[in-house]
Amino acid sequence: MKNEKKGCFLNIYKDPTGKKKDYIIEMGGEYDSFRIAVDFANLLTIKNNIIKIEEGVKKNERDFDN
């Protein structure tokens, strides 16, 4: 996934070594990037944290409108 406006990218894929049941998260920009290995539970935790953030933003918008 690439964001041309911000000049960054994010890729998530299975560990190519096949030795572990890990996923690789690769992210960065034009000049800098990094990779980390996570397991499936970590991916779910990331997803859940994003959902919590989005719910908090929606709640704050509703509170601001009232």
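M27 sits in strand β3, which covers residues 23–29 (strands are DSSP runs of E, at least two residues, numbered from the N terminus, and helices are runs of H or I, at least four residues). The model is predicted, so local features need pLDDT of at least 70 and side-chain atom pairs pLDDT 80 or more, while totals for chains, interfaces and linings use all residues. Residues are numbered from 1 along each chain as its sequence is written, and side-chain values use heavy atoms, with hydrogens and water left out.

As for the sheet, 4 strands make an open one, antiparallel in pairing and ordered β1-β2-β3-β4. The edges belong to β1 (2–3) and β4 (33–38); each has a single partner strand, so one side of each has no neighbour in the sheet. Strand β2 (residues 8–14) runs antiparallel to β3 and is joined to it by 7 bridges (pairing takes at least two DSSP bridges between two strands). In β3, G28 is the bridge partner of F9.

Helix α1 (residues 40–65) lies across β2, β3 and β4, at about 50 degrees to β3 (axes are lines fitted to C-alpha atoms, for helices over the stretch in contact, with angles from 0 to 180 degrees between N-to-C directions).

Back to M27: its relative accessibility is 31%, so it counts as partly exposed (buried is under 20%, exposed over 50%, partly exposed in between, with a 1.4 Å probe and protein chains only). D22, in the loop between β2 and β3, counts as buried because its value is 16%. Beyond its neighbours within four places in sequence, D22 is in contact with K14, D15, A37, V38 and D39 (contact means heavy atoms within 4.5 Å).
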